[in-house]
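Reader: I would like to work through a model with you, one feature at a time. Please give the general idea before the case.

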Amino acid sequence: MVRILGILVGLGFVGVAAWSLLWGVIAYVQEPPHETVEHEFHKHPDSMSFSFDGPLGSFDRQQLQRGFQVYKEVCAACHGLNFVAFRNLHDLGYTEAEVDAIADQWPIQVPSINPETGETATRKALPADRFPNPYANETAARAANNNALPPDLSLIVKARHGGAPYIASLLTGYQDAASYRNAHGDALPAENRPGQGLYFNPYFANLNIAMPPPITADGQVTYADGTPATRQQMAQDVSAFLMWTAEPNLESRHKAGIWTLLFLLFATVIAYMAYQNIWHGGASRAVRRTGALDPENQAKSEHAKDEAGIAG
Amino acid sequence: MSFPWAEEYRPKHPFMRWMDDRLPLPRLVHGAVGGGYPVPRNLNFFWNFGVLAGLALMIQIVTGIVLAMHYIPSGDAAFASTEHIMRDVNQGWFLRYLHANGASFFFVVTYLHIFRGLYYGSYKAPREMVWMLGLVIFLLMMATAFMGYVLPWGQMSFWGAKVITGLFGAIPVVGEPIQTWLLGGFAPDQATLTRFFSLHYLLPFVIAGVIILHIWALHIPGSSNPTGVDVKTPQDTVPFHPYYTAKDGFGAGVALIALTILVFFFPNFLGHADNYIPANPLSTPAEIVPEWYFWPFYAILRAFTVDFILPAKLWGVLAMFGSILLLFFLPWLDKSPVRSGNYRPKFRIFFWILVADVIVLGYCGGLPAAEPFVMISQIATIYYFAHFLIILPILSMVEKTLPLPNSISESVLHGEKAEAAPIDLGDATPAKA
């Protein structure tokens, strides 16, 4: 009875699914789907290597400091780092005094109240403060940016497919829409050209991004460590810095992972040996005709024990 | 518990005897997972996954309880408190990554456990209740995992909650009131977050309770085995402890190594980038994708694209829930007296097609709903329902099965099949005296 009902219900679902499939096939044959312009012109992030790649990767402190400098001088005008505090900069190799100075001299002040009057005010940042948002609120941010909202950058590397290479590719990926040709040599259709306040960037999912090119020329930043500040260098440095802001515990995670693996490998080898020992010691011989737990052999063994005068 | 030759619990130490007279908890443990539970001696490594699922639940409960000490279930603070855990709580990143990937680990071992049951006919008499209680656990796991994914209050959390509760909106007449009731409002909001947090904390303990019933029901007939032949004599079994505790210990080590690699080196591999963007009710993500363990069911949901008497969306919802609910009837749909797929040559072929089918469904479910993947998932959906509701009932009537071994120990002694034998016994030869 269950089987007959089952077959009927099954035929029902199969029939309706097949009906959907039929219409899908008809639609597919009549009008095969064509790739969207976004698909045709979108570029995947360039492949590039970072010091934190791979299971043993770690941050390059010099690169993080350079990246922080790019953030400070270029990105911070529009983008906040809501989840990162000035005190976290210790991890980048800055001394306590340097962190104090960075917080004290940060161009954007922290919202506060006037201790005398209680009115809203701002004060200088302290190491315990998070990086202040450059805009008072979303409306102010949109008003200042042609109705686009500059996202907070704390987690941007983890919040975008492609991670740090994507960010670096995007920062240097701006192109002239009119002269751009994709891999097939096609020009961008006119209706997909950037509108007012938008910029063509093939690394961006919908090709047109509201952020103006942030890194415009070599030498835009003068690195303290003397590294030549090429556009590529600046883009990679700031991407590495943003990887740190998104995943500040990456190094301890990698280290702890190695030790955990070593421990587990050791424990698993021991467990394997215990397993082998137990199964080969008793059961495996027991299941052979000549095994120790075979009733005949057990009887023989008991007999032998009795003869030898061994107890148990 | 299950067999007359099960070793009785005999406490040696006076304290244990004293305890046994008052609270026989050691006796219970001895009978459940100790030397007092005789287990078929020929279990292969696919029998490790039940214990591993229990281990996964323990990991989830322990990490979850600590995470709940730092998490704030508030629309304004949930995302920030998750980042607080990641950055400022001591080893908080480890707790959160272990909890997030632990959910995937739980589903991996549970899916392997389920497919082991499907192949070896573990759902058949007299273990129907074991199977059905297992399905209840599976449904509870899905509900728990779904609500847990909502808690970080990222973009995918918010929109996932909206889409999944929206499924109930497809039910005629009462659908929308049900959806509003589930969410505590017209869209996911504070009320949703707090109730999901409350239930996400509750359900794992419900799961633990059903697991106790699952194990209780299992211990009545005893564990199944790769031959599917019933245990007949003491030679067919070995005590759970030390034989299977040792084997499970090794299995747990291997599984934890895999989990460690995921947690420490690829912690975001199974996640979605959009969930690192705080929830924004005004901005729909380009693609709303559930976690990977829901993909096969998500593909079935989206496979119904054309209205047929009922709206297509309702068909999708019915099929998605039906795809799991039909498993409750499996013991009566597949009436073949032979349990193990090893002795059912035709069943075996269809079983592997089903495995491939579910993988295809999962692959399509993780992709955007675009052709040709909708058509592929429609074909796969047709096979899924046909497999359980049409092929298995007919197959169990017409299939000619292979001869079964007379007993478990005979199959082992004669080295029948490598997979039916304990390790290193496939080519057992008599030892020279």
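Reader: What ipTM and pTM does the predictor give the complex?

Author: The ipTM is 0.88 and the pTM is 0.90.

Reader: How should pLDDT be read, and which stretch of chain B has pLDDT under 50?

Author: Where pLDDT is low, the predicted coordinates should not be read in detail. Chain B has an average pLDDT of 91, with 95% of the residues at 70 or above.

Reader: What average pLDDT does chain A have?

Author: Chain A averages 88, and 92% of its residues score at least 70. Residues 283–292 of chain A have a pLDDT below 50, and this stretch has 32 contacts in the model beyond near neighbours in sequence.

Reader: Now the overall form. How many helices and strands are there in chain A?

Author: Chain A has nine helices and six strands. Its radius of gyration is 33 Å, whereas the globule rule gives 20 Å for 312 residues, so chain A is more spread out than a compact globule. Along the principal axes, the C-alpha atoms of chain A fill a box of roughly 100 × 70 × 50 Å.

Reader: Next, the interface. How many residues of chain A are in contact with chain B?

Author: In chain A 52 residues take part, in contact with 60 residues of chain B. Helix H1 (2–30) and helix H8 (250–287) of chain A each supply at least two residues of the side that touches chain B. By class, the residues on that side of chain A are 34 nonpolar, 12 polar and six charged.

Reader: How is a pair of packed helices described?

Author: Two packed helices are described by the angle between their axes and the distance between the axes. Take helix H3 (residues 49–70) and helix H10 (residues 240–265) of chain B: their axes come within 10 Å and cross at roughly 55°. H3(B) and H10(B) are therefore oblique to each other, and the crossing is right-handed.

Reader: Which residues of H3(B) and H10(B) meet?

Author: From H3(B) come B:Val51, B:Leu52 and B:Leu55; from H10(B) come B:Asp248, B:Gly251, B:Ala252 and B:Ala255. Five of the residues in this contact are nonpolar, one is polar and one is charged.

Reader: At what angle do the axes of helix H11 (residues 295–303) of chain B and H14(B) cross?

Author: The angle is roughly 75°, and the axes come within 7 Å. That makes H11(B) roughly perpendicular to H14(B). On the H11(B) side the contact has B:Trp295, B:Pro296, B:Tyr298, B:Ala299 and B:Ile300, which meet B:Val358, B:Leu361, B:Gly362, B:Cys364 and B:Gly365 in H14(B). Eight of these residues are nonpolar, two are polar and none is charged.

Reader: And in chain A, at what angle do helix H6 (residues 163–171) and helix H7 (residues 231–246) cross?

Author: Their axes cross at roughly 145° and come within 8 Å. The crossing of H6(A) and H7(A) is right-handed. H6(A) contributes A:Ala164, A:Ile167, A:Ala168 and A:Leu171, while H7(A) contributes residues including A:Ala235, A:Gln236 and A:Ser239. The contact has eight nonpolar, two polar and no charged residues.

Reader: Which residues does a cis peptide bond join, with omega about 10°?

Author: B:His241 and B:Pro242 are joined in this way, and B:Pro242 is found in helix H10 of chain B. The peptide bond from B:Glu371 to B:Pro372 is also cis, with omega near 5°. B:Pro372 is in the loop between helix H14 (345–365) and helix H15 (373–398) of chain B.

Conventions: Residues numbered from 1 in each chain as written. Chains lettered and ligands numbered in written order. Predicted model: local features only at pLDDT ≥ 70, side-chain atom pairs only at ≥ 80, totals over all residues. Axes fitted to C-alpha atoms, helices over the stretch in contact; angles between N-to-C directions. Helix = DSSP H or I, 4+ residues; strand = E, 2+ residues; numbered from the N terminus. Parallel < 35°, antiparallel > 145°, perpendicular 65-115°, else oblique. Left-handed = near helix turned anticlockwise from the far one by under 90°. Contact = placed C-beta atoms within 7 Å. Nonpolar A, V, L, I, M, F, W, Y, C, P; charged D, E, K, R; others polar. pLDDT = per-residue confidence, 0-100. Rg over C-alpha atoms; globule rule 2.2 N^0.38 Å.
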